[in-house]
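Hi there,

Here is the structure I promised to pass along. Have a look at it first, and then read on for my notes.

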Amino acid sequence: MIYIDYKTNNDELKITLRGHLDAAFVSKVWRESINKLESTKPSLLEIDASGVEYCNGAGAALILQLKQKQETQNRRFSIVGLRKDFEQLINIFDPGIIRETAKKGNFFLEFVKNAGRMCCRVLNDTKAEISFLGELLSKLLAAFIRPSSLKWSDTFLIAEKSGANAVGITCLLGFLIGVILSFQSAIAMQQFGAQIYVADLIVISLFRELGPLITAIIFAARSGSAYAAEIGTMKVNEEIDALVTMGIDPIKYLAVPRMLSGIFMMPLLTMFNLLLGLIGCGLVMLSLGFSPIVYLNRIQEAATLGDLAGGLAKTLVFGLVIAGIGCFRGLQTATGASAVGDSATKSVVSSIIAIIFLDGVFAVVYYYVGI
Amino acid sequence: MSENSNTIIKVENLTAGYGDVAIIKDVNFEVKKGEIFVILGGSGCGKSTLMKHMMGLLPPVSGRVFIDGKDIVTAKGQDRIEILKGIGVMYQNGALFGSMNLLENICLVLEEYTDLPKDAMEFIARMRLKVVSLDGSEHKMPSEISGGMKKRAAIARAMALDPKILFLDEPSAGLDPITSSQLDDLIIELSRNLGITFVIVTHELPSIYKVADRVVMLDKNTKSIIATGKPDYLRDNSDNPWVRQFFNRES
Ligand SMILES: Nc1ncnc2c1ncn2[C@@H]1O[C@H](COP(=O)(O)OP(=O)(O)OP(=O)(O)O)[C@@H](O)[C@H]1O
Ligand SMILES: [Mg+2]
């Protein structure tokens with residue numbers, strides 16, 4: 001049974017509590033009693049706790065809060081009839097006067113401050129990214145110059161995980177894109193009786209743009225994020241610190257193998273993607289009534305080795321950048337489990353932005369070089 | 001079965017292990033209400049494992065664990081939640097939620113199980129932090145505090161719901177002697193005043209002598225309990241030389 005009663009007498013408030021002072025009770029009366037206290041502003045608050053049978057942390061909180069409200073206003077507070085053991089409990093738990101946390105300043109001021117902070121952060125971030133990329137490249141170069149200094153077993157394991165194990169999904173997507181694109185363009189081309197040129201269209205767009213892009217996006221989502229999460233978890237567990245104090249360079253030990261596997265796996269995966277894209281297109285052409293030999297001739301005529309090489313050259317850079325961003329975001333991880341998730345997300349977003357940007361750069365360069 | 005109303009935890013023929021490897025074989029003991037019960041043993045002998053079984057976190061290979069007369073091994077759904085609400089746990093490495101500050105860490109369980117208003121919850125959380133001398137660090141993240149502070153914060157969190165049973169896995173490891181002794185005082189006070197039952201794993205001899213009502217000692221080789229009783233009694237009278245060594249800090 002629970003019971004609370006308020007009595008006002010001149011300038012005094014008397015609160016009588018009875019029963020079990022636990023969380024269920026306190027949650028019912030907390031608001032009410034504090035409002036009562038704040039509205040009456042008594043010079044003396046007296047709590048009669050002689051009927052309290054049980055009191056736990058929540059009950060203590062209620063009594064202490066009332067006491068504090070009185071004392072911060074320089075008003076008096078007294079409690080009578082509380083059992084000795086509960087009184088002791090309240091003494092243990094008394095948190096003292098709680099300092100209010102700093103109030104938020106003026107809205108405009110806060111806005112300007114935040115905007116400034118944001119700009120600084122973005123600038124610092126960019127600076128860190130660039131210097132990290134520089135460091136990575138120099139260490140990558142060092143690894144190429146002295147290949148024996150690298151942990152090859154790790155590199156191969158990572159390459160297997162992010163390369164060989166990704167063949168299935170890359171092929172599937174390549175096949176799908178091949179079928180859909182050729183089918184859709186076949187419908188349009190039919191009106192001009194130019195269905196045979198579907199092969200040209202698909203081959204060129206796959207080799208030069210779509211193959212590398214799709215593979216890069218798969219790689220960023222599948223492996224880049226995994227790098228970020230793995231390295232991020234190590235960062236959170238202070239494993240990176242452990243590497244540093246052991247004199248092992250985390251960039252060389254963790255990032256370089258991942259970047260190497262990125263560089264070598266991306267072109268291979270892209271080739272699988274392209275092959276399946278062509279097969280998908282071939283199936284559609286077959287169903288439109290063209291013989292395989294006609295299709296093959298068409299492909300060979302439409303695309304040059306330059307188209308293929310140009311596309312694959314891009315993927316080398318994509319692989320490097322995606323793996324680099326994944327490692328960078330991983331190493332940048334703040335603390336806590338959610339930070340790992342944030343790093344993985346950021347790595348995918350940054351990678352996709354980087355891919356788009358680089359693809360644009362390549363397009364311009366190829367245009368001027370004439371590939 | 002002599003079911004005593006004074007018993008709050010009862011471990012019956014418990015065999016615990018991971019996979020095929022048994023860590024503890026066929027142990028039986030009881031913990032009384034309001035008692036400070038200490039589990040002892042060498043490193044890696046299965047103290048944490050035993051504790052995790054007592055709170056129903058791991059399924060035993062065989063045997064049963066009763067908390068307040070209810071079997072925690074088979075309890076499901078709401079029953080299990082009711083049992084769990086009555087226990088608070090401090091894990092060996094703190095297990096604070098890294099994405100929340102200390103105040104939020106403590107408020108989480110209050111939000112889940114009570115209807116207290118926000119300021120009441122924060123007040124309670126501050127009270128708990130004050131008890132472990134962490135007042136002023138409410139808004140720090142777990143990564144921004146020291147190892148010992150993490151332990152204390154974890155104890156504060158374990159107390160959030162006023163549990164009837166508190167499991168503490170090495171609460172004083174990593175604390176300075178003064179804080180550690182304050183913690184012992186707190187444990188005694190909570191147990192005397194609130195009747196909270198404590199199940200504690202610790203290696204600190206001074207702390208064991210000070211707080212323990214009863215200890216059980218696990219042994220790695222026999223995978224069973226080799227001694228039960230009051231620490232000072234075991235120190236002087238145990239017939240097992242290893243137990244006497246342990247309490248006398250000899251090697
Ligand atoms: N998740 C797990 N899987 C398999 N074996 C485990 C697991 N956790 C612990 N063990 C094994 O169980 C045994 C007991 O471990 P436990 O953590 O209970 O020891 P402990 O007595 O708490 O030691 P310490 O005092 O060092 O904390 C150890 O031999 C350990 O190798
Ligand atoms: Mg342990």
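Leaving aside residues up to four places away in sequence, which residues does Gln332(A) touch? Keep in mind that this is a predicted model. The residues in question are Asp125(A) and Lys235(A). Along the chain, Asp125(A) is 207 residues from Gln332(A), yet their C-alpha atoms are 9.9 Å apart in space.

The shell around ligand 1 consists of chain B residues, including Ile23(B), Lys47(B), Gln92(B) and His203(B). By type, the shell splits into seven polar, three nonpolar and two charged residues. Which helix gives the most to this shell? That is α1 of chain B (residues 47-54), with three residues.

Several side chains place polar atoms by the ligand:

- Ser43(B): a side-chain N or O atom is 2.7 Å from an oxygen atom of ligand 1.
- Glu170(B): a polar side-chain atom lies 3.3 Å from an oxygen atom of ligand 1.

On its own, ligand 1 has 640 Å² of accessible area, and the protein covers 59% of that.

Technical notes:
Residues numbered from 1 in each chain as written. Chains lettered and ligands numbered in written order. Predicted model: local features only at pLDDT ≥ 70, side-chain atom pairs only at ≥ 80, totals over all residues. Heavy atoms only, no water. Contact = heavy atoms within 4.5 Å. Near = heavy atom within 4 Å. Polar contact = N/O pair within 3.5 Å; in protein donor to acceptor, adjacent residues only side chain to side chain. Areas by Shrake-Rupley, 256 points an atom, 1.4 Å probe, with all protein chains shown as cover. Helix = DSSP H or I, 4+ residues; strand = E, 2+ residues; numbered from the N terminus. Nonpolar A, V, L, I, M, F, W, Y, C, P; charged D, E, K, R; others polar.
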